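User: Hi! I am new to reading protein models. Could you walk me through one?

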Amino acid sequence: MDNNLQAPKETDKPNFIPPRVTGAISLMLKNKMFDHPMVKKYLEDKKAYDEEYQKFLKSLPETKEIELPELKPIDIESLYQVFKEAYKHFRGIEFNEKLNRRAENKYGESAILARTICAYLTKNKSFYNSPILNKKCNTPDLNKGIMIIGTMGTGKTSVMKTFYDMFLFSGNNPLGVQDVEENMQYLRRYKLGFKFYTTHEVVQDYHHSAKEHQDIFWKKHKTGLSYYDDLMTEKLAFGKDELFREILETKYNNDTPVIISMNYAQKEDVENLETTLDAYASRYGERLYDRAFSQFNFLELRGKSLRK
């Protein structure tokens, strides 16, 4: 096993994510512009998707109740391949595995992040081999949460949003993934989903929650795996010194893992984990700073911004 988690392998599973219908394609279909190259490509992909889906349905046992195979551990390489399909569908572009690739690594940072998240969510020990996992400042542990720190625009949000969309989609659609014995399984059976929030949305939600409904707000943030995007950029909430100080303390006190992301804090042209954790301490307090080492695994993305 190399330092890039595990080498990918080919899978023969059908593609259960339908081709993406953009606004332009939708308009051209409405106007019956079937000869346009974009429409032709969409119709070809849609036909292939429909054929694969019907083939899968015909392969199911003809019984009133479908007997699902015994649930075995998920194959994280298959999960990663489904992620790439989902990225194309939900983000509208191919997932580029080579962006911000270092010479010593097989994959770029976004791909390493996606593969690391696959390992983390499935509790696969290959997580400990991730090249972006900081092993110097604390001891990595799959039972801890994750703090993703990186340069602005390195793909943190798009990767995590794709996972969120993919798991949400699988709840009501027959999205397939292979287990370690190469059996096809419904992805939803693994219950890998998580809640996705931007920190700005959380503050707004808090403002809109009337006093008598504050218990509903806190119930959402007390239990279950949650991802909070863009920490340390949120505005102060009315009546709170720091809303996220309380949220993160609630997660810690309830022993509930949490995934957060933030940009590197800059001090005197220095961007590193230590500087960023110092800024985290200044914003949320020394107690949360001390707890961060037992609460989080630290993932660092040091590449250049991918935004154009």
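**Reading a helix and its rings**

Analyst: Happy to! This is a predicted model. Let's begin with helix α3, residues 76-91: at 1.5 Å a residue, its 16 residues should span 22 Å, and the end C-alpha atoms are 21 Å apart, which agrees.

User: What happens at the start of α3, and what follows the helix?

Analyst: At the start, a side-chain oxygen of Asp75 comes within 2.8 Å of the backbone nitrogen of Glu77. After the helix comes Gly92, with a positive phi near 85°.

User: Which elements cover the buried residues of α3?

Analyst: The cover includes α4 (109-121), α5 (156-170) and β2 (176-178). Among the buried residues are Ile76, Leu79, Val82 and Ala86.

User: How do I read a pair of aromatic rings?

Analyst: Such a pair is described by the distance of the centres and the angle of the planes. Here the count comes to 21 aromatic pairs. One of them joins Phe83 and Tyr87, with centres 6.0 Å apart and 55° between the planes, so the pair is tilted. Both residues lie in α3, 4 residues apart, about one turn of the helix.

User: Are Phe83 and Tyr87 buried or exposed?

Analyst: Buried means under 20% relative accessible area. Phe83 has 0%, so it counts as buried, and Tyr87 is buried as well, at 9%.

User: Which cluster do ring pairs link Phe83 and Tyr87 into?

Analyst: That cluster also includes Tyr80, Phe163 and Phe196. Arg115 lies over the face of Tyr80, 4.9 Å from the ring centre, while the charged end of Lys161 sits over the ring of Phe196, 5.8 Å from its centre.

Conventions:
Residues numbered from 1 in each chain as written. Predicted model: local features only at pLDDT ≥ 70, side-chain atom pairs only at ≥ 80, totals over all residues. Heavy atoms only, no water. Helix = DSSP H or I, 4+ residues; strand = E, 2+ residues; numbered from the N terminus. Expected span 1.5 Å × (residues − 1). Buried < 20%, exposed > 50% of the residue type's maximum accessible area, 1.4 Å probe, protein only. Contact = heavy atoms within 4.5 Å. Polar contact = N/O pair within 3.5 Å; in protein donor to acceptor, adjacent residues only side chain to side chain. Phe/Tyr/Trp six-rings, centres within 6.5 Å; stacked < 30°, edge-to-face > 60°. Lys NZ or Arg CZ within 6 Å of the ring centre and 35° of its normal.
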